[in-house]
Amino acid sequence: MTISYNWLKDYLEINLDPEALSKLLTDCGLEVEGLQHWQSVKGGMEGIVIGEVKTCEKHPDADRLSVTTVDVGTGDLLPIVCGAPNVAVGQKVVVATVGTTLYSGDESFVIKKAKLRGQPSEGMICAEDEIGLGTSHEGIMVLDPNAKVGTPAAEYFEITEDYIFEIGLTPNRTDAMSHIGVARDIKAVLENIDFQSGNKQNRELHLPEVDDFKPDNTNLDIPVVIENPEACPRYLGVTLSGLEVKESPDWLKNRLNAIGLRPINNIVDITNYVLHETGQPLHAFDADEITGNKVVVKKMAEGTTFTTLDEIERKLTANDLMICNTEEGMCIGGVFGGIKSGVTEKTKNIFLESAYFDPVHVRKTSKHHDLQTDASFRFERGVDPEMTMYALKRAAMMMKEIAGGTISSEIKDEGKKPFEKVRLDLTWKNISRLIGKELGKETIENILKSLEFEIHDVNENGLTVSVPLYRVDVTREADVIEEILRVYGYNNIEIPSHQNSSVAPITKPEPEKIRRITFDFLSNNGFNEIMNNSLTKGIYYENSDDFDTEASVQILNPLSRDLNVMRQSLLFGGLESIIYNQNRKNADLKFFEFGTVYLKNKGVSKEQSVTKKYTEVYRLALFSTGRNLKESWNTEDKSTDFFDLKAILTNLLKKLGLSISAFDLKPTTKKYFTQGLEAAFKGKSIFEIGQVADQVLEQFEIKLDVYYADVNWDEFFKLLDPEKTGFSELPKFPEVRRDLALLIDQSVNFSTIEKLAFDTEQRILKNVNLFDVYEGKNIEPGKKSYAVSFILQDKEKTLTDKVIDKVMNRIMKVFQEELKATIR
């Protein structure tokens with residue numbers, strides 16, 4: 001939300017500079033995320049002055065240049081070479097002196113002393129486009145002869161300066177989505193500061209007067225009918241005729257430009273101005289396009305087509321509220337106008353709308369049609385129903401003043417639903433308990449009054465208040481106490497000297513400690529942590545055979561179609577992070593992510609509890625793509641592969657006291673892997689690792705191979721032994737290595753060989769390693785050759801050849817019997 005400093009001062013006397021006001025706003029809950037110095041002309045015309053051309057002669061060496069001398073009020077004449085065809089003696093002109101910076105779009109250049117074709121030039125006589133006042137470059141600007149020489153151009157052209165606050169509003173603070181709303185908060189805080197210093201005088205908000213509003217005639221009467229009052233509790237309208245649609249005056253354009261809005265024409269600009277002044281969205285219809293001279297607020301049939309202002313034809317739902325004439329829809333109520341209803345240069349008569357729409361209806365319509373506008377942003381959060389009349393009168397009076405014409409009807413005020421204020425009871429005890437300090441009853445009452453809360457029934461136990469209608473977010477006692485606290489000032493609450501806490505038993509192993517060990521291990525091995533949104537695209541799971549679309553947890557009112565389900569896997573979020581980085585020339589990536597995935601359980605009735613309807617699983621994902629090591633003159637240019645990621649996962653298991661040999665390994669069946677392994681323990685899947693399939697990568701336009709590991713952290717954590725000691729004595733006796741070359745079937749994998757070896761010899765066999773694989777020439781079809789090493793060691797004595805040979809013979813016999821292996 002952008003707020004203008006000058007605009008705020010129209011409503012409230014503010015003696016604070018922008019920096020101090022920025023701090024005050026942040027302290028009261030309106031966090032200022034940025035403060036920008038704004039000028040109506042970039043650079044503020046600093047260094048540009050009004051001058052008079054004293055002499056003008058043709059350049060001796062250039063037909064299109066003129067050599068001039070210009071008086072800029074310093075006492076000395078400046079020699080300036082000018083290329084404009086219209087420069088002449090006696091003209092009052094705009095001069096950029098030496099050292100001035102001129103801007104052209106995003107580019108700039110500095111005026112310097114120079115020689116042009118041998119003639120000195122100490123400045124520049126400017127055209128309007130060169131100083132940001134227009135687009136013409138046909139010649140220099142020639143000013144009124146009465147312009148005073150030496151006058152700063154910023155003063156002559158009345159350049160406006162302002163400071164713009166970028167406020168990071170929380171979603172509940174719709175009351176602060178306007179300049180009046182922010183001024184109201186500033187007033188409350190300043191009154192509290194005055195009160196604490198002993199000055200109990202109230203400050204006043206100076207709002208523009210609308211009491212003089214009255215129709216000039218009733219020549220253009222357009223009645224209003226509300227057919228769906230549940231979607232539109234109140235609708236107001238008034239007509240104006242004989243208007244001239246044209247460019248807005250400079251002051252209005254400057255106000256809109258300052259807060260980042262592009263001026264369009266005086267009518268549209270006034271509706272935008274009043275929106276940002278009051279927080280009430282308005283809409284101006286071309287009255288001549290209202291068929292039947294009647295406005296009907298209603299819902300239309302499912303599937304009705306309607307073309308919006310962006311020229312897109314949309315199919316309406318039966319829940320969409322429409323503003324219609326007697327034949328067709330003109331506008332999606334509270335969201336977006338129609339192609340025929342907008343104001344154009346030919347418009348002479350308008351129907352001006354100010355309404356209160358039901359937030360739920362607006363939000364559903366906005367999200368369904370993926371239309372986020374300034375109006376829908378406010379309506380779906382709840383606007384002030386009492387502001388509708390004031391905003392309508394304010395805009396109508398401004399239009400009459402700026403665009404001419406007359407107010408041609410009485411205000412049509414339909415619905416007029418009485419809006420009841422929320423009434424809440426507060427206790428002094430709860431106020432002190434939640435704030436952490438005794439503020440005093442008088443201070444509390446003063447703050448509530450400054451926030452426009454009505455106070456009733458003050459007694460020794462507490463008080464009763466009525467919440468202003470513009471505070472739609474205040475519905476509980478705690479909400480009111482929060483209002484008291486933020487106006488009093490969070491920083492004015494002293495930090496307590498002691499803190500009470502209870503000691504809770506810690507289970508072993510500690511989940512956070514294990515996660516930290518994992519984090520450190522992966523970080524030390526070149527991995528970066530990523531955190532993706534738990535909301536994701538449902539289409540990911542619809543396009544995959546590995547996921548059940550019925551298991552997706554749907555979002556009832558998604559922020560967008562890209563965030564319409566809860567994630568079932570960490571895979572797609574990681575791939576989004578990979579392509580995001582690769583598109584920014586960062587291709588060598590190692591990522592890990594801890595995160596929860598969400599599944600909807602089948603066969604669960606609506607009456608059952610949430611815990612039975614849904615399953616949440618905590619998982620760890622690893623991603624690797626690009627080079628294994630950073631590019632360097634002394635490292636091998638090698639791409640990461642399956643075995644690199646498997647080594648990381650194996651070492652992580654070892655770090656946490658587990659061995660990969662403890663798992664049952666088998667080829668994965670998941671189709672999002674080209675190839676990979678699944679590891680299970682006692683029938684439960686613990687992790688999967690493999691190369692992501694090309695068809696999955698194509699969805700993200702990822703061209704490099706990606707390797708992915710998915711760990712079910714909840715099940716994995718159960719395998720960790722909190723009592724396991726991590727220390728073992730260094731061996732006193734040497735290791736012995738024996739190698740075997742095995743000719744085996746293609747279907748046999750190394751994990752089977754490793755398991756059979758350890759099952760055969762458990763006491764002195766320490767390690768089994770595959771160090772070579774050969775297939776091809778001299779190997780019969782369907783076979784492959786494995787070279788496997790075996791490390792043997794006895795903790796109590798040195799191994800003899802007799803013992804070693806006995807163990808190896810037993811292992812070879814098992815391989816021959818179980819695997820039909822040939823020992824080579």
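This is a predicted model: local features need pLDDT of at least 70, side-chain atom pairs count only at pLDDT 80 or more; totals for chains, interfaces and linings use all residues.
Trainee: How many charged residues are in the lining of the second largest cavity?

Mentor: H4 and helix H12 (477–488) each contribute at least two residues to this lining. Sorted by class, the lining of the second largest cavity has 3 nonpolar residues and no polar ones. The charged residues there number 7.

Trainee: What is the volume of the largest cavity?

Mentor: The structure contains 3 cavities of 30 Å³ or more. The largest cavity has a volume of about 160 Å³.

Trainee: Of the residues that line the largest cavity, which are the closest to its centre?

Mentor: The lining of the largest cavity consists of 16 residues. By class, this lining has 5 nonpolar, 7 polar and 4 charged residues. The closest to the centre of the largest cavity are Thr174, Asp175, Thr278, Gly279 and Asp384.

Trainee: Which helix gives the most to the lining of the largest cavity?

Mentor: The contribution in question amounts to 3 residues of the lining. The helix that supplies them spans residues 179–196 and is H4.

Trainee: Where does the largest share of the lining of the second largest pocket come from?

Mentor: The second largest pocket has a volume of about 740 Å³, and 31 residues line it, with Ser40, Val41, Gly132, Leu133 and Ile159 nearest its centre. By class, its lining has 11 nonpolar, 13 polar and 7 charged residues. Strand E2 (32–39), strand E7 (101–104) and helix H5 (250–258) each supply at least two residues of this lining. The largest share, 4 residues, comes from H5.

Trainee: What is the phi of aspartate 457?

Mentor: Most residues other than glycine have a negative phi. Aspartate 457 lies in the loop between strand E26 (454–456) and strand E27 (462–466). Aspartate 457 is not a glycine, yet its phi is positive, near 50°.

Trainee: Is aspartate 457 buried or exposed?

Mentor: A residue counts as exposed when its relative accessible area is over 50%. The relative accessibility of aspartate 457 is 51%, so this residue counts as exposed.

Trainee: Is lysine 820 buried or exposed?

Mentor: Lysine 820 also has a positive phi, about 55°, although it is not a glycine. Lysine 820 is placed in the loop between helix H21 (801–819) and strand E40 (822–823). Because its relative accessible area is 58%, lysine 820 is exposed.

Trainee: How many disulfides does a search of the whole structure find?

Mentor: Cysteine 126 is buried, with a relative accessible area of 0%, and cysteine 28 is buried at 1%. The sulfur of cysteine 126 is too far from the closest cysteine sulfur for a bond. Over the whole structure, the number of disulfides found is 0.

Conventions. Residues are numbered from 1 along each chain as its sequence is written. Side-chain values use heavy atoms; hydrogens and water are left out. Buried means under 20% relative accessible area, exposed over 50%, partly exposed in between (1.4 Å probe, protein chains only). A disulfide is a pair of cysteine sulfur atoms within 2.5 Å. On a 1 Å grid over the protein atoms alone, a cavity is a set of points where a 1.4 Å probe fits but cannot get out, and a pocket is an open set with protein on both sides within 12 Å along at least five of seven lines; lining residues have an atom within 4 Å of a point. Grid points are joined across faces, edges and corners, and a volume is the space filled by probe spheres set on the points. Ala, Val, Leu, Ile, Met, Phe, Trp, Tyr, Cys and Pro count as nonpolar, Asp, Glu, Lys and Arg as charged, and the others, Gly among them, as polar.
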